[in-house]
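Subject: Structure for you to look at

Hello,

Here is the structure I promised. Please open it alongside this note. My findings follow below.

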Amino acid sequence: MNYGNLFWLACLVIGHTQLWVALMNRLHALPLGHKTLRRYRILHDVAIPLVPLWMLYGLGLTGPQLLWNDHWRSLSPGWILFCALCALGFLGFVFSVTRHYLERLTPKLLKLDSTVQDIAKKLGQKPIGAGPYQSLAWLPFNEQFQIELNTKKLLIPELPQELDQLSILHISDTHMCGTVAQEYFEEVCRLSQELNPDVVIFTGDLLDQMEALSWFDSTLNQLSAPLGRYFILGNHDDELDEQTIRSTMQNAGWIDLGGHTLITQWRDCDVELGGSEVPWMNGHPDWPTEKRDPKTLRIFLTHTPDYYQWGVKHSADLVLAGHNHGGQIRIPLIGPVYSPSKTGTRYAAGTFSSGKTVMHVSRGVSGQHPLRFHCKPEVTKLMLCAQTVNDQRGSE
Ligand SMILES: [Fe+2]
């Protein structure tokens, strides 16, 4: 057995898998129809296990018989091209994993306090209803019901001094549909309210079934904040009756920022708010690239973090996003694999910074598929800190 070639063949198999996964992530970032995406998913599901077997047979056991010989030079042009593509995929995999670890270390995240609440334990049973994919919710080691309640202190470089220590509850991606039962969301919202935020912001994907809209009053609508509750919708809401979802939230006093801008005052300070549900609904906020007054705070809500750079270009101080759910399944040492984004897993979840703009991507509260591994659902209270807080870092 040539163990060196076995290793290189394994690297090519990883590279091959990476190419299919990367394409899957990027296709799911586009507003494509269900049928198109399903066709690709079938192709992806078949190719990932079968092509490596074909490689093992055609390269390892027959042809150049790489498992015993060192005959890489005898590869046909077709195999050379295929192996070169897989090698590129492997380099992409190494790059992606390395970036996942490096980008988590943004200096703009000053402090993180985190507690985990096991909702199933609190309720005495797993809150599982009769919706689709319910078998996934029963799987052992599934973290779906272990909500992580975070408080993150973020350094916002141009934060007006009056808004120092302002708190925003960032909640996203509830995907209520009947699979994860109503009691779970009620308990999550009750625990979130105990964080006493100044502002509540929801960044989309409220529902996966319209029937679950009746849960809104006892769940999300129980959240309150003295400076207001704001929302945008997501692609899963767009697949339902999004106008009814929107009007239900508006009638309850939530302020719709989907494709809208708003100038409001928090603590006697001007705040510019804008939201985007692109590429599924509405458009980006009608903002000039510069803030009208550098002393205002500009917050950009976008369901997908794919428009992070749009926020950077338009001088947003804070970008809030959801959609990617942290990848939902994270492989130890590797991190997230699937993330429906043009940038793959880069912005699956977490805190990122570019220039003066800070972005927070929530892992969300649930998902269409109630399955999480090494990726607990989350609700986060963001504490905004002015530049001067830098001096306090050493004492925290
Ligand atoms: Fe979502």
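First, a definition for what comes next: Ala, Val, Leu, Ile, Met, Phe, Trp, Tyr, Cys and Pro count as nonpolar, Asp, Glu, Lys and Arg as charged, and the others, Gly among them, as polar. Please keep in mind that this is a predicted model.

The second largest pocket

On those terms, the lining of this pocket has 12 nonpolar, 7 polar and 10 charged residues. That lining comprises 29 residues. Nearest the pocket's centre lie Arg104, Arg330, Ala349, Gly350 and Arg363. Several elements give two or more residues to the lining, among them helix H3 (77–102), strand E1 (109–118) and strand E13 (350–354). The space in the pocket is about 580 Å³. Both domain 1 (3–102) and domain 2 (107–395) supply at least three lining residues each.

The iron site

Which residues coordinate the iron ion? They are Asp173 (OD), His175 (NE2), Asp205 (OD) and His325 (NE2), at 2.1 to 2.2 Å. Along the chain, the donors are spaced D-x1-H-x29-D-x119-H. His175 sits in the loop between strand E3 (166–171) and helix H6 (182–193). Asp205 sits in the loop between strand E4 (199–203) and strand E5 (229–232). The two are 30 residues apart, so this pair links distant parts of the chain.

Are these two buried or exposed? His175 has a relative accessible area of 2%, so the residue is buried. Asp205 is buried too, at 1%.

The site is irregular, with angles of 86 to 178° among its 4 donor atoms.

Best wishes

Notes:
Residues are numbered from 1 along each chain as its sequence is written. This is a predicted model: local features need pLDDT of at least 70, side-chain atom pairs count only at pLDDT 80 or more; totals for chains, interfaces and linings use all residues. Side-chain values use heavy atoms; hydrogens and water are left out. On a 1 Å grid over the protein atoms alone, a cavity is a set of points where a 1.4 Å probe fits but cannot get out, and a pocket is an open set with protein on both sides within 12 Å along at least five of seven lines; lining residues have an atom within 4 Å of a point. Grid points are joined across faces, edges and corners, and a volume is the space filled by probe spheres set on the points. Helices (H or I, at least four residues) and strands (E, at least two) are DSSP runs, numbered from the N terminus. Domain bounds come from an automatic or database domain assignment. Donors are N, O and S atoms within 2.8 Å of the metal (3.2 Å for Na, K and Ca); water is not among the atoms, so sites may look incomplete. Four donors count as tetrahedral if all angles lie between 85 and 135 degrees; four count as square planar and six as octahedral if opposite donors are over 155 degrees apart and all others between 65 and 115; anything else is irregular. Buried means under 20% relative accessible area, exposed over 50%, partly exposed in between (1.4 Å probe, protein chains only).
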